[in-house]
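Me: I have a structure open here and would like to go through it bit by bit. Can you take some questions?

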Amino acid sequence: MLFHVAAITGALELGYRGDVLAMLSRGVTVFFVISGFLLYRPFVDARAAGAPVPSVRRYFRRRVLRIVPAYWVALTALAIFPGLVGVFTHDWWRYYFFLQPYSSRTFAGGIPVAWSLCVEMSFYLALPLWALAIRRLLAGSTKGGWIISELVPIGLLAVGGALVQVAAARQDISVRLAETLPGQVTWLALGMGLAVASVAITRAGRPVEFKEWIAAHPGACWLGALASLAALAAVLHPGGIFGIAQALQTQQPAGRTLAGIALTGSLAVLLLAPAIFGDDAGGGPRRVLAAPTLAWLGLVSYAVYLYHLPIAELLGMSDPARGPGLGLATKIDTLTTPALLALTLAATIAVAAASYYFVELPFLRRKEPRGLREPLRSAAPRG
């Protein structure tokens, strides 16, 4: 949200500070890593335990109910007001079925941030097939042979995604391809690798030095993530591999692109490691993430993702060609970016809460078959 607000106010043009703000677009990358970790871990855990593959039907049911209803409502509502480009045209099906990145006519239309949701949906479809294929690989005769048979293919997947990003940065292939699953799979694979490590450590049955160090030094991990962010701003000046117009117009050296990929990967891993491998008793990072306010924001965060950019543009811009707008980015003279961020945050949270309680929650209650719903509700922690 801060990245998009800074783009509206022009703060991305403020030298190195603008470059740091531009690097906040890497929040999408962090989300991909989280998604790869959370969704792949049940498949890895089942394999490590010698259990059957988790129900693919249940997996798809949960994914569809989590993603589709809220997205369809948001897409329709925002197309009515403030008026998204392209939704009510003959290309409507591309927007509603997560295909907008695959056509030059629809790539820039609809909900602008939904390109990453389209990546997610293609990942959801591919993940069970990947898990079934990996299960067929020989795990070797050693006790931990399954770990190698998981990590090697995942590593190749990550390298393949990096090569797509390098090719796009060199303009050997379309930049748009790098913003679909083949280019973004690097970050999803990184999360899948963390899932393998998490399951392996959990099943080790003994203290693991790597995990113990992270649990004891979460601050060091987060300082490392902050250093990675600062280094990204310096290496990728003026702001990113694909997200800034200048980057789309000039070839990026392969070394610079690879450095950006490595630093982005380290940023995501160091940021998430204390939460993934932290103190099982509830160390500092886990206590922070469990704070009621943050937990509630996480609850409504999907709608925050869907609505925040149209709301920011409605509040900050006043371009008749792009629809109605209050133009606050030019009317607020002092602390423009923080002021617009605060207004965007307040308005978005209000809309997101309405979306969660009136649109998402009725469908989320149907994620489990009818016979399982009541036991799950009664076992849920209070609050």
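**Going through the model**

Reply: Thr29 is buried, with a relative accessible area of 7%. Bear in mind that this is a predicted model.

Me: Where is Thr29 found?

Reply: Thr29 sits in helix H3.

Me: And what is Thr29 in contact with, leaving aside its neighbours within four places in sequence?

Reply: Trp187 and Thr264.

Me: Back up a bit. How many helices and strands are there in the protein chain?

Reply: The protein chain has 19 helices and zero strands.

Me: And how much of the chain counts as buried?

Reply: 44% of its 383 residues. As for contacts between residues at least 6 apart in sequence, 71% of them join residues at least 24 apart.

Me: Cavities next. How many of 30 Å³ or more does the structure hold?

Reply: One. The space in the largest cavity comes to about 60 Å³.

Me: Which residues line the largest cavity?

Reply: The lining is made of Tyr40, Phe43, Val44, Arg47, Val53, Pro54, Ala131, Ile134, Arg135 and Glu150. By type, seven are nonpolar, none is polar and three are charged.

Me: Which helix gives the most to that lining?

Reply: H3, with four residues. Helix H3 (27-48) and helix H6 (114-135) each supply at least two residues.

Me: Stay with H6. Where does H6 bend?

Reply: At Ala126, by about 35°. A proline, Pro128, follows within four residues of that point.

Me: What is the span of H6 from its first C-alpha to its last?

Reply: H6 reaches 32 Å over its 22 residues, close to the 32 Å expected at 1.5 Å a residue.

Me: New topic, backbone geometry. Which peptide bond is cis, the one from Phe81 to what?

Reply: To Pro82, with omega near 10°. Pro82 is in the loop between helix H4 (56-80) and helix H5 (92-96).

Me: What about phi of Gln171, positive or negative?

Reply: Positive, near 65°, and Gln171 is a residue other than glycine. Most residues other than glycine have a negative phi. Gln171 is found in the loop between helix H7 (145-169) and helix H8 (175-178).

Me: How accessible is Gln171?

Reply: Gln171 counts as partly exposed, at 38% relative accessibility.

Me: And Leu335, what is its phi?

Reply: About 50°, again a positive value although Leu335 is not a glycine. Leu335 lies in the loop between helix H17 (328-331) and helix H18 (336-364).

Me: Is Leu335 buried or exposed, then, and why?

Reply: Leu335 is exposed because its relative accessible area is 61%, and exposed means over 50%.

Me: Now Leu315. Which helix is it in?

Reply: Leu315 is in helix H16 (residues 301-316).

Me: Buried or exposed?

Reply: Leu315 is buried, at a relative accessible area of 15%.

Me: What does Leu315 contact, apart from neighbours within four places in sequence?

Reply: Leu326, Gly327, Leu328, Leu340, Leu343 and Thr344.

Me: What about Arg94, buried or exposed?

Reply: Arg94 is buried because its relative accessible area is 16%, and buried means under 20%. Arg94 belongs to helix H5.

Me: Which residues does Arg94 touch, not counting those up to four places away in sequence?

Reply: Arg94 touches Leu99, Gln100, Tyr102, Ser103, Arg105 and Thr106.

Me: Let's look at H2. Which of its residues are buried?

Reply: In helix H2 (residues 15-23), Gly18, Asp19, Leu21, Ala22 and Met23 are buried.

Me: And what do the buried residues of H2 pack against?

Reply: They pack against helix H1 (2-9) and helix H11 (218-235).

Me: Last one, Glu212. Where is it?

Reply: Glu212 is in helix H10 (residues 209-216). Glu212 counts as partly exposed, at 44% relative accessibility.

Me: How far apart are the C-alpha atoms of Glu212 and Gly278?

Reply: They are separated by 7.8 Å, while the two residues are 66 apart along the chain.

Conventions:
Residues numbered from 1 in each chain as written. Predicted model: local features only at pLDDT ≥ 70, side-chain atom pairs only at ≥ 80, totals over all residues. Heavy atoms only, no water. 1 Å grid on protein atoms, 1.4 Å probe; cavity = no way out; pocket = protein on both sides within 12 Å on 5 of 7 lines; lining within 4 Å. Points joined across faces, edges and corners; volume = space filled by probe spheres on them. Nonpolar A, V, L, I, M, F, W, Y, C, P; charged D, E, K, R; others polar. Expected span 1.5 Å × (residues − 1). Bend = angle between axes of the 7 residues up to and from the residue. Buried < 20%, exposed > 50% of the residue type's maximum accessible area, 1.4 Å probe, protein only. Contact = heavy atoms within 4.5 Å.
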